[in-house]
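Reader: I am new to this structure and would like to go through it step by step. Could you show it before I start asking?

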Amino acid sequence: MEALVELEKIQTQILDRITSLEHSLLPFNSSPNLSLETSNKSSTIADSSLSASGTTASATEDRLSSILLDNGVREFSFKRVPSDYYDWPLEARRDVLGAASIHHLCKSIVLVNTQAPSNITDCSDRNNSKYYVVVVQYTARFNAETVKNFLYTLNDGKIAKKKFNMRLAPEETSVKLTGYEHNGVTCVGMKTDIPVILDEAITKLNPDFFWLGGGEIDLKLGMRTSDFIKFVKPFIVNCSGA
């Protein structure tokens with residue numbers, strides 16, 4: 001009898017979570033006059049012990065959820081994906097996440113300035129950091145030259161342009177700085193406060209909700225672009241092409 005009661009409790013939690021996820025789509029498909037209270041209730045996690053798949057939430061998911069909520073982010077969602085997710089075409093990834101389009105699928109990459117002066121070794125200077133995290137769409141082609149030009153301008157031309165040479169950081173460096181493995185990198189809860197560059201194209205997405213890494217290889221995080229900007233405070237740079 002106790003086992004049946006426990007099973008019924010778990011099933012109820014799963015159904016509640018599914019209902020919450022369905023409601024979270026309302027801001028995009030329903031009336032724009034939804035109250036803030038209703039929107040918040042539908043977008044946050046109904047039961048912190050359950051993940052988006054109805055299974056027990058991981059420590060990573062719990063930690064990132066707490067960080068987002070503590071920083072005023074209410075509309076976000078986690079989704080656990082199959083282990084062969086990265087072998088799938090973008091259309092299949094879009095479908096499993098319920099993303100609005102393949103253009104709403106994004107990734108975070110860690111860049112290192114290989115030509116930085118010897119005294120620039122960390123991320124203490126946001127305008128002239130040794131490392132940056134760039135968030136870009138999977139459908140776009142990243143252009144490191146535009147980031148180089150942006151940083152040169154950001155520093156009012158006081159640093160020679162040849163001192164900026166942005167390259168993909170080695171995997172071990174990325175893991176050490178962010179605490180996340182390849183394909184799991186996210187801008188939320190990184191071990192190091194690395195300045196973030198958000199590709200301008202992402203800010204133009206409609207609806208205003210994109211997906212990126214969720215801290216684990218098979219965990220994805222979706223959130224409003226506007227909330228991401230308010231929380232992360234990234235530089236917004238036109239740094240990609242179709």
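Author: What follows is a set of questions and answers on this predicted model.

Reader: How many helices and strands does the protein have?

Author: The model is a prediction, and its elements are numbered from the N terminus. Counted that way, the protein has nine helices and ten strands.

Reader: Of the contacts with a separation of 6 or more, how much comes from residues 24 or more positions apart?

Author: A contact here means heavy atoms within 4.5 Å. Among contacts in the protein with a separation of 6 or more, residues 24 or more positions apart account for 67%.

Reader: Is C106 buried or exposed, and how many disulfides does the structure hold?

Author: C106 has a relative accessible area of 4%, which is under 20%, so C106 is buried. C187 is also buried, at 8%. A disulfide needs a pair of cysteine sulfur atoms within 2.5 Å. The number of disulfides in the structure is zero.

Reader: How does the length of helix α4 agree with its number of residues, and what is the distance between its end C-alpha atoms?

Author: Helix α4 covers residues 59–70, which is twelve residues. At 1.5 Å a residue they should span 16 Å. This agrees with the distance between the end C-alpha atoms, 16 Å.

Reader: Within what arc do the buried residues of α4 fall?

Author: The buried residues of α4 are T60, E61, L64, S65 and L68. Seen down the axis of α4, they line one face of the helix, because they fall within an arc of 125°. An α-helix has 3.6 residues a turn, so residues three or four places apart point the same way. The arc asked for is 125°.

Reader: What covers that buried side, and which exposed residues are on the face turned away from it?

Author: The cover over the buried residues of α4 includes β1 (76–80), β7, β8 (219–223) and α9. The face of α4 turned away from its buried side carries the exposed residues A59 and D70.

Reader: Which residues does F150 touch, leaving out those up to four places away in sequence?

Author: F150 lies in helix α6, residues 144–154. Its relative accessibility is 22%, so F150 counts as partly exposed. With residues up to four places away in sequence left out, F150 touches F235 and V237.

Reader: Where is the cis peptide bond that ends at P207?

Author: Most residues other than glycine have a negative phi, and most peptide bonds are trans. P207 is found in the loop between α8 (200–203) and β7 (210–216). With omega about 5°, the cis bond joins N206 and P207.

Reader: What phi does K233 have, and is K233 buried or exposed?

Author: K233 is found in the loop between α9 (225–232) and β9 (235–237). Its phi is positive, about 55°, although K233 is not a glycine. The relative accessible area of K233 is 53%, which is over 50%, so K233 counts as exposed.

Definitions and conventions: Residues numbered from 1 in each chain as written. Predicted model: local features only at pLDDT ≥ 70, side-chain atom pairs only at ≥ 80, totals over all residues. Heavy atoms only, no water. Buried < 20%, exposed > 50% of the residue type's maximum accessible area, 1.4 Å probe, protein only. Helix = DSSP H or I, 4+ residues; strand = E, 2+ residues; numbered from the N terminus. Expected span 1.5 Å × (residues − 1). Arc of directions from axis to C-beta.
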